[in-house]
Amino acid sequence: MAVSLRCPPMTLEDSEALGWRSVADLIGDHPDAPVALIGAGLNERSLTPGRCDLGPKAFRAVLPRFSTYDVETERELTTRVHDAGDLALKAVSPANAFDPVRETVAAQGGRNLTILVGGNNAITRPGVHGLGLARTGLLTLDAHFDLRDTDQGLTNGNPVQALLEDGLAGERISQVGLAPFANTRRAHDKAKAAGIAVRTARECRDQGLATVVAQELERLSALCDVIYVDFDIDLIDRSQWPASPGARPVGVSVQDFFEATRVIGACARVRAVDLTEYDPSLEIGDLGSLTVGRWFCELLTGFEQR
């Protein structure tokens, strides 16, 4: 006997035959949105040559591949994101990029969260200043201290050192995910002398990155009005994340990275974040862009838990 499959009437607008509502549909010209997105493709003075300037474009291009629905939690992302555009940073030095990045972040100060997609790690210093140095704490997820000397100018290897020199107290800095044989004793000694909280990649693997991040967010929340988070994505294990020149074997897992991102998104004191050191020229397939797109979904998921 033939079985007839009867479905309710469906309009063309309702059909998912050729597409779905994607995360990209949340982003647009939304002046009253609680979240803002800024592209900051700074690439000059990267210590390892690369094409981090391609990051914002690759990030935007992959978002239509992500739906707004999380099957694990049965929740739908609904937060609108104001697109503040991409800064014109081609061939701009970190020193000359300082004012444009700082002013653009400061202009979004009325929002609950500002997201910068880089770009190399030199965007972190002006991003922190955009929130206001005197009231801000810094959490970095990074394989490196970024405490190189500034005597030869600003690079992607010294934003934390530059912030210390600007007057950011070391106790208001937490550095999570630091990798062995990727840093120097001098940098470690600098961090300890400044009072920076240092959490190694092994601690993150043993305790769980999300647990370590939650501890440091609690510590910083007791000291600061707002928190800036630098997601230097090279802390992820290189076998799962080849698209950063500084990524190393035996970093944190990408799943742990996503879980920590959700924890960070849920913290009400986190008012701005950046994603740095994504180099699309190092892609294997589209692993890098898909990882960055999922990071954005996890960040919004955490934000909706506030």
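Biologist: In what order do the strands of the open sheet run, and what is the sense of their pairing?

Modeller: This is a predicted model. Its open sheet has 9 strands in the order E1-E5-E2-E6-E11-E10-E7-E8-E9, and the pairing is parallel. Strand E1 (27–28) and strand E9 (197–200) stand at the edges with a single partner strand each, so one side of each has no neighbour in the sheet.

Biologist: How many bridges join E7 and E10?

Modeller: E7 and E10 pair in the parallel sense over 6 bridges. Leu 138 stands opposite Tyr 228 in E10.

Biologist: Which residues of H8 are buried, and what covers them?

Modeller: A residue counts as buried under 20% relative accessible area. In H8 (residues 254–266), the buried residues include Phe 257, Phe 258, Arg 262 and Ile 264. Their cover includes strand E7 (136–141), strand E10 (226–232), strand E11 (270–276) and helix H9 (287–303). H8 reaches 19 Å from its first C-alpha to its last, close to the expected 18 Å.

Biologist: Which residues lie nearest the centre of the largest pocket?

Modeller: They are Leu 47, His 144, Asp 146, Arg 148 and Ala 182, among 26 lining residues. The space is about 530 Å³, and the lining has 7 nonpolar, 9 polar and 10 charged residues.

Biologist: What of the second largest pocket?

Modeller: About 400 Å³ of space lies there. Of its 19 lining residues, those closest to the centre are Tyr 69, Asp 70, Val 71, Arg 262 and Thr 301. Arg 262 is also among the buried residues of H8. H9 gives the most to this lining, with 4 residues.

Technical notes
Residues are numbered from 1 along each chain as its sequence is written. This is a predicted model: local features need pLDDT of at least 70, side-chain atom pairs count only at pLDDT 80 or more; totals for chains, interfaces and linings use all residues. Side-chain values use heavy atoms; hydrogens and water are left out. Helices (H or I, at least four residues) and strands (E, at least two) are DSSP runs, numbered from the N terminus. The expected span of a helix is 1.5 Å times one less than its number of residues. Buried means under 20% relative accessible area, exposed over 50%, partly exposed in between (1.4 Å probe, protein chains only). Contact means heavy atoms within 4.5 Å. Two strands pair if DSSP finds at least two bridges between them. On a 1 Å grid over the protein atoms alone, a cavity is a set of points where a 1.4 Å probe fits but cannot get out, and a pocket is an open set with protein on both sides within 12 Å along at least five of seven lines; lining residues have an atom within 4 Å of a point. Grid points are joined across faces, edges and corners, and a volume is the space filled by probe spheres set on the points. Ala, Val, Leu, Ile, Met, Phe, Trp, Tyr, Cys and Pro count as nonpolar, Asp, Glu, Lys and Arg as charged, and the others, Gly among them, as polar.
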